[in-house]
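Trainee: I would like to learn how to read the contacts in a model like this one. Please take me through them.

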2 protein chains.
Amino acid sequence: MPVNLSAPVAQDLHPVAGVRIGVAEAGVRKAGRKDLTVFLLDEGASVAGVFTQNRFCAAPVQVCREHLASGSAIRAMVVNTGNANAGTGADGLARARATCRALAEQLGLQPAQVLPFSTGVIMEQLPVERIQAGLPAALADAQPQHWARAAEGIMTTDTLPKAFSTQLQIGGATVSITGISKGAGMIRPNMATMLGFLATDACIAPELLQPLVRELADQSFNRVTIDGDTSTNDSFVLMATQRAGNAPVTSLDSEQGHQLKAALLQVAQQLAQAIVRDGEGATKFITVRVEGGRTGEECRQVAYAIAHSPLVKTAFFASDPNLGRILAAVGYAGIQDLDQALIDLYLDDVHVAVQGGRNPAYREEDGQRVMQQSEITVRVVLGRGEAAETVWTCDLSHDYVTINADYRS
Amino acid sequence: MPVNLSAPVAQDLHPVAGVRIGVAEAGVRKAGRKDLTVFLLDEGASVAGVFTQNRFCAAPVQVCREHLASGSAIRAMVVNTGNANAGTGADGLARARATCRALAEQLGLQPAQVLPFSTGVIMEQLPVERIQAGLPAALADAQPQHWARAAEGIMTTDTLPKAFSTQLQIGGATVSITGISKGAGMIRPNMATMLGFLATDACIAPELLQPLVRELADQSFNRVTIDGDTSTNDSFVLMATQRAGNAPVTSLDSEQGHQLKAALLQVAQQLAQAIVRDGEGATKFITVRVEGGRTGEECRQVAYAIAHSPLVKTAFFASDPNLGRILAAVGYAGIQDLDQALIDLYLDDVHVAVQGGRNPAYREEDGQRVMQQSEITVRVVLGRGEAAETVWTCDLSHDYVTINADYRS
């Protein structure tokens, strides 16, 4: 059961002018599943993306990077589930290219104007002929209001589709922002999440898109973890269709740039947090906040040590305030000159540890009360500096083991 | 159920001349448990130790370091379970010192001649008065042949006591080596294991003991992981009582030094591997071997990424040859210039991946066959150099979650 997350209502998702979406059943791995999604972009759209830092990155990730680097105007994207096309060598690369070629032919585009995305099982060859055969149905299905369908079309072990949307006024024009994401396991994005697509019709200078998508990823998808396993296929794409009619945003530091970025970040964080809320077997949504570090990097290091500790995560699952496990994780996070005598620990409003030891005023029943909540904030104060960082994660339950001992069957 | 591990037979464990061991029930956390163990060393013994690198190291670890650094002749050690005396601040340090003082008084020693060890729950104050009250019974119990009792006395979530022993001839004299260890969770030793005690009656130059214990730890306890959680209390101690009558070993590089080191390492590795075999919820014993790296360090980095991946570990639990998860872990291990096209993967004798892609000759049923074994070797060839390293770990099962969602109750 996802933690405080429900399926999106299709009518709540604003269409983004210049984006049409179609979904089909291609039978990539199993029959009867919506497993093929296409995004069609009108001429004039700008696209930027960030991708996994996993050195075993999937073939489609390699092709996305090439096509974006080539400077071609991206006009379509194709997403399949059921097969990640990762760990597939040179043949896998050829199949990712064949997918782009097939869609480009149908649309009268160059292959480099198409971005491919795959997610699913690793180390099996992509059945490109099934994808090819499914494309006409996906294209026939293409509609601006199909975001909720797309959120479904890209799911794998997700229990719920994930989509969020907002609108804002920029320079007198209404700008829409809508995004979808997927992922529930193998989640510790390093540059992006398993798959995330965010679109806006805002007019914005195309050269701002790449720094913008990087900043958005860094403050959303790059701050969540489920199991510490960085996927081979993480991809996060930002599309701007330039259709809202606002005076173009020409700087991210202008007032309008700030407004747009804040609205995009809100949706990106909702999408990223939705992945954690739907984490495999998750029963709790945990915010880990580390303050008082010398640098943001060391705060993240400590936050991830806590967020990845199987012992901390099972204690959250059990609602057991076995909080020494958190201190142990702080201690092994790798900060060589950390002084335990300066460290304070809070669980929501409960002050658990003072100067590295148990707070004399701490009562087990206070810790117990917080641990029973479905949303918990762990706050660690390092007492070394002014930096602070936040990471979102979930607990480790029996269902995580069940799901992952079962995934391929 | 531990993986191919049974309880030691008391008669198989050679007493080590100059070491006596006593065990008692002190009721540290719960009544009716053997939770207090003392080691008594005759005059002339040499002792060296290595301890956790966790910055939140426990009070007893801090006191051990002090007492060893003071150059005092160590004559006694006291070990309690039920309470780790970690995350306990200045008060915890005072309680660890009080424990040493209490034992020293009973034995007519200086407190600095006593080493304290604690293991159990973190962030609760050590009931030093109970330990004090239990010491007379432990001292009355002291016998050279009590190694098996000691292995029991230091257990926490272990399902079996762990003890190994060997004898060898050095320079015409019979040298005995016996050791015990404990630990089943919070296991990713960094310099040592949760608790390991290794004794020999060999005559060896005392100044060789510290480099020797470090080398032994590095090739045994520092090569195992269960959950990646480095404990606050890891301690590994080597005692040499100098009583075997062999011509003293004065160099580790001499023939006799090599012999002694090899025999000690054999026992240390058995003790370390026993911890993995008895890992919380373990159903399989996994050897991860990484070859063809540029440095030993990068081989270890890759090996630990595999050994810590929850996805890899659940796949082993399920006997599911979902081997792409291993490639994904290799990819995110953090080697920036890793070339996936050079990587081969083997599961025991089965050649799974060639040059970063699925081996065309690989058949799922071959992977399946190996995955069903209780002992499995994963071998990754990086194709970058000559270095190789081995790490031992176990799978991640429902019982790991059950045990750790339950530990304190």
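**Reading the contacts**

Mentor: Start with one pair: A:Glu375 and A:Arg277 form a salt bridge, with 2.4 Å between the closest N and O atoms. A salt bridge here is a side-chain nitrogen of Lys or Arg within 4 Å of a carboxyl oxygen of Asp or Glu. The model is predicted: local features need pLDDT of at least 70, side-chain atom pairs count only at pLDDT 80 or more, and totals for chains, interfaces and linings use all residues. Residues are numbered from 1 along each chain as its sequence is written, chains are lettered from A and ligands numbered from 1 in the order in which they are written, and side-chain values use heavy atoms, leaving out hydrogens and water.

Trainee: Which domains does chain A have?

Mentor: Domain bounds come from an automatic or database domain assignment. For chain A, it gives domain 1 (10-277) and domain 2 (285-404). Their centres, taken over C-alpha atoms, are separated by 33 Å. Each domain is represented in the contact (heavy atoms within 4.5 Å): 14 residues come from domain 1 of chain A and 14 residues from domain 2 of chain A.

Trainee: How much area do domain 1 and domain 2 of chain A bury between them?

Mentor: Buried area is the accessible area (1.4 Å probe) that two parts lose on being put together, summed over both. For these two domains of chain A it is about 1300 Å², 57% of it on carbon and sulfur atoms. A:Arg223, A:Thr225 and A:Arg277 supply 44% of the area that domain 1 of chain A buries against domain 2 of chain A, more than any other three residues. Between the two domains of chain A there are 2 salt bridges.

Trainee: How many salt bridges are there between chain A and chain B?

Mentor: The count is 0 between chain A and chain B. The two chains bury about 4900 Å² between them, with 58% of it on carbon and sulfur atoms. Contact there involves 58 residues of chain A and 57 residues of chain B.

Trainee: How are the two copies related?

Mentor: Copies are superposed by least squares on the C-alpha atoms of residues with pLDDT of at least 70 in both. Chain A is superposed on chain B by a rotation of 180° with 0.0 Å of shift along its axis (RMSD 0.1 Å). The two copies are thus related as by a two-fold rotation axis. Of the residues of chain A, A:His398 comes closest to the rotation axis, at 2.8 Å (C-alpha). Since 98% of the interface residues of chain A are also interface residues in chain B, the copies meet through the same surface.
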